[in-house]
There are 2 protein chains.
Amino acid sequence: MHRTKVTVVEDALDANNTIARANRADFDRAEVKVVNFMSAPGAGKTTLLEQVVRDLPGVRVGVLEGDVQGSMDADRLASLHVPVTQLNTDPSFGGECHLDANMVRSAIPSLPLEEIDLLVIENVGNLVCPAEFRVGEDHRVMVCSVTEGEDKPLKYPLMFRTCELVLVNKIDLLPHLEFDLEHLLYNIDQVHPDVERMVVSARTGEGIEAWRQWLVDVVQRTPQAVA
Amino acid sequence: MHRTKVTVVEDALDANNTIARANRADFDRAEVKVVNFMSAPGAGKTTLLEQVVRDLPGVRVGVLEGDVQGSMDADRLASLHVPVTQLNTDPSFGGECHLDANMVRSAIPSLPLEEIDLLVIENVGNLVCPAEFRVGEDHRVMVCSVTEGEDKPLKYPLMFRTCELVLVNKIDLLPHLEFDLEHLLYNIDQVHPDVERMVVSARTGEGIEAWRQWLVDVVQRTPQAVA
């Protein structure tokens, strides 16, 4: 019984990966690099995008905004005159807690792929399922806010393990928290040794230039270097 | 196609509800009241439990701790000499992002139901799927931290709509945030008008007595009043 369930899950993930590869082929053909951007609810994904999307030297950026309901984040980003496409995961009841490859595939016809070099997919706020479903991205980035506690890498290891960059956000609040930044960084290394990390504050701007440059480099790296 | 998917989801939720009713019958037979306790990762569920479980006048409490991996929260609560049962949702890959009725059913034989009056089920940190799956609870409580932003009720409405009590936590941080508490409370009312809410700080103790009393009242209310 247990084994059956695991097999079903593996089959579903295999099917997802097949569609993710088709998405990736479409993005590659259009020469668009894709970042899957993930975090818990309220960690600051949209604010961290607002800080950089208006000014990415030499890079035309678009955003695919995943939410259970509503278009608040898409509206915030569209006000910055960046092309934004909304993808809601709620066909009925409570909605899906993550984007999967098929949902992203359904949005591809609405994306201005010929007019952008970089697509940032802002995933649904959740530290579990978004990590399990590839959507055709080149890179995975997550945000971890210092208000969430030092233990999150150990409790949600797959998310930390599958990202290439961890943005540790809201560090302007450190003086007001009982929070040990070194302990968080140690825990990150426990599940993903030496993963690139940036300590940032979307509010004060600390670390934002490094985040901006990282996105620019995603586009400007040669394909060989990205692989 | 779309309709088919919705039907499959409804069937799965029907099956879950059937098992949830069986759980509820077991809890009722043991005269144990059950609270399903939910939030985003890092909102402060475990700390809010630590603040009250040691001293609930007239109430013997136990905790069922749901996590993808690890037993850190269970260890924290067990150190307070409260009976704690760990339930991990990770049989393989990334794990389930919520508890469902069947997982809770599998834990019932391990629960000291004859020795407790109140069982608090600490769900996996996630604002989407935990709201969709009843587990046999009498009451639903959620924690919403002020660091998560005012928009969360509008983005995750089912969670706010299905809870009877919303704990607005970390208000000690308000002086250091650009956060409008009235705006959050307004948004909560948009999705769940007049739902009971408590503004609390697990760190300073503000509002904790009201939270403690709410849990005591869960047990001491007559069955008629609870229904």
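Q: What makes the area between chain B and chain A a buried area?
A: Buried area is the accessible area (1.4 Å probe) that two parts lose on being put together, summed over both. In this predicted model, chain B and chain A bury about 3,600 Å² between them. Carbon and sulfur atoms carry 61% of it. Contact means heavy atoms within 4.5 Å. On that basis 41 residues of chain B touch 41 residues of chain A.

Q: What are the ground rules for numbering and confidence?
A: Residues count from 1 along each chain as its sequence is written, while chains are lettered from A and ligands numbered from 1 in the order in which they are written. The model is predicted, local features need pLDDT of at least 70, side-chain atom pairs count only at pLDDT 80 or more, totals for chains, interfaces and linings use all residues, and side-chain values use heavy atoms, with hydrogens and water left out.

Q: Why is the meeting of B:Lys155 and A:Asp73 called a salt bridge?
A: A salt bridge needs a side-chain nitrogen of Lys or Arg within 4 Å of a carboxyl oxygen of Asp or Glu. B:Lys155 and A:Asp73 meet at 2.4 Å, N to O, so the pair qualifies. Between chain B and chain A the count is six salt bridges.

Q: What makes the largest nonpolar core a core, and which residues have the most contacts inside it?
A: A nonpolar core is a set of buried Ala, Val, Leu, Ile, Met, Phe, Trp, Tyr and Cys residues joined through side-chain atoms within 4.5 Å. Buried means under 20% relative accessible area, exposed over 50%, partly exposed in between (1.4 Å probe, protein chains only). The largest such set has 62 residues, with A:Val168 and B:Val168 making the most contacts inside it. Elements of chain A and of chain B give two or more residues to this core, among them strand 6 (165-169) and helix 7 (181-191) of chain A. Not counting residues up to four places away in sequence, B:Val168 touches residues including B:Cys144, B:Leu184, B:Ile188 and B:Met198.

Q: How do you know that strand 2 and strand 3 of chain B pair?
A: Strands (E, at least two residues) and helices (H or I, at least four) are DSSP runs, numbered from the N terminus. Two strands pair if DSSP finds at least two bridges between them. Strand 2 (residues 61-67) and strand 3 of chain B have five bridges, in the parallel sense, so they pair. B:Gly66 has B:Leu87 as its bridge partner in strand 3 of chain B. Strand 2 of chain B also runs parallel to strand 4 of chain B, again over five bridges. There B:Glu65 partners B:Glu122.

Q: Why is strand 2 of chain B called largely enclosed?
A: Seven of its seven residues are buried, so strand 2 of chain B is largely enclosed by the rest of the structure. B:Val61, B:Val63, B:Glu65 and B:Asp67 point one way, whereas B:Gly62, B:Leu64 and B:Gly66 point the other.

Q: What makes strand 3 and strand 7 of chain B edge strands?
A: The open sheet of chain B has seven strands in the order 3-2-4-1-5-6-7, with parallel pairing. Strand 3 (84-88) and strand 7 (196-199) of chain B each pair on one side only.

Q: How does helix 7 of chain B run relative to strand 6 of chain B?
A: Helix 7 of chain B lies across strands 5, 6 and 7 of chain B, at about 160° to strand 6. Axes are lines fitted to C-alpha atoms, for helices over the stretch in contact, and angles run from 0 to 180 degrees between N-to-C directions.
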